[in-house]
Amino acid sequence: MTAALRPPGPEDGPPDRLLIHRPGPGELRPRRTHRRRRALELSLAVAVPLLLVALWQLAADRAWIDARIYPAPSTVLADGWDRALAGDLWPDVWATLRRVLAGYAVGTVSGYLLGLLMGSLPLVRAALEPLLDALYVVPKLALLPVFLNMFGLGEGPQVALVAATVFFFVWISTMAAVLAIPSGHRDAGRVFGASRRQMFRHVLLPASLPAVLVGARIAAGVAVLVIVASEQIAATDGLGHLIFDSRALFQNDVMCVGIVCVAVLGVFFSELVRLAGRFLTPWAPRDRGRSRS
């Protein structure tokens, strides 16, 4: 923003102030500005983790930290590579992934259906919301003994724990999204004589789906977190069992391999849900700062 003053004449009174907006680079060359901005973001996203890993490696090489307790990244990478080639890593990865996918599917579907029902029918919401609110605040790991009693040992308790965790995130986001739909949208559907099916297809679903997918994306990361803690307690395989079993055996390099695998799995799963959200809801506003990612 710039200001210019017109030279005052003898007949003029007080000088007039002209405000002129000078267009910035983003307005003159929007595509070039966007490419530069995107390149900067990608560079930062890659450079900062690499810098931290380099510092970790340097600290291990210079003996600033005890490499027996905190193995160097090169050691972790070499051990993970060897275990992957030998086929020792994949059974644990697959066990964790299988439990997460099964529990996530059950929790998402049940949470969405109940959230839709409670958001649409006030009487159902009045009947169930206090009970579900009370269950929501219970730490989900505290429910693992209950699921062990219900399903016994095996996959059942793990899947049920993930499903219970995901359910509450999706249920809350769905119910809130349905309640936030403006009444004018419903009135417009009724004016046009929309049936219940048409009201769901053309009003409730497109209006609520963006918020539901946000909750589903948050639940994706939490599902990985919960299954790792659960596998520590009641599983004989999986990445959680690998991490804590390695720690007990003082195999800290193997423990770090498991932690890296969990991080990669969590990022991959969360990004997969985000991409699915972009595909299913092209009308929804995209993430701030990642508008064209």
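By class, the contact of H4 with H7 has 18 nonpolar, 10 polar and three charged residues; Ala, Val, Leu, Ile, Met, Phe, Trp, Tyr, Cys and Pro count as nonpolar, Asp, Glu, Lys and Arg as charged, and the others, Gly among them, as polar. Helices here are DSSP runs (H or I, at least four residues), numbered from the N terminus.

**Ground rules.** I kept in mind that this is a predicted model, in which local features need pLDDT of at least 70 and side-chain atom pairs count only at pLDDT 80 or more, while totals for chains, interfaces and linings use all residues. Residues are numbered from 1 along each chain as its sequence is written, and side-chain values use heavy atoms, with hydrogens and water left out.

I found the chain divided into domain 1 (29-62) and domain 2 (73-280), with bounds from an automatic or database domain assignment, and their C-alpha centres lie 30 Å apart. The largest pocket has a volume of about 470 Å³, a volume being the space filled by probe spheres set on grid points that are joined across faces, edges and corners. A pocket is, on a 1 Å grid over the protein atoms alone, an open set of points where a 1.4 Å probe fits, with protein on both sides within 12 Å along at least five of seven lines, and lining residues have an atom within 4 Å of a point. Which residues lie nearest the centre of the largest pocket? Of its 18 lining residues, these are Leu-77, Val-257, Val-260, Cys-261 and Val-264. H3 gives the largest share of the lining, six residues, and H2, H3, H4 and H11 each supply at least two. I recorded the lining as 17 nonpolar, one polar and no charged residues, with at least three drawn from each of domain 1 and domain 2.

**Positive phi.** Most residues other than glycine have a negative phi. Ala-63, though not a glycine, has a positive phi of about 65° and sits in the loop between H2 and H3; Phe-250, also not a glycine, has a positive phi of about 60° and lies in the loop between H10 and H11. Buried or exposed? Ala-63 counts as exposed because its relative accessibility is 60%, and Phe-250 counts as exposed at 54%, where buried means under 20% relative accessible area, exposed over 50% and partly exposed in between (1.4 Å probe, protein chains only).

**Single residues.** Met-199 lies in helix H9 and counts as buried because its relative accessibility is 13%. Met-150, in helix H6, is exposed at 54%.
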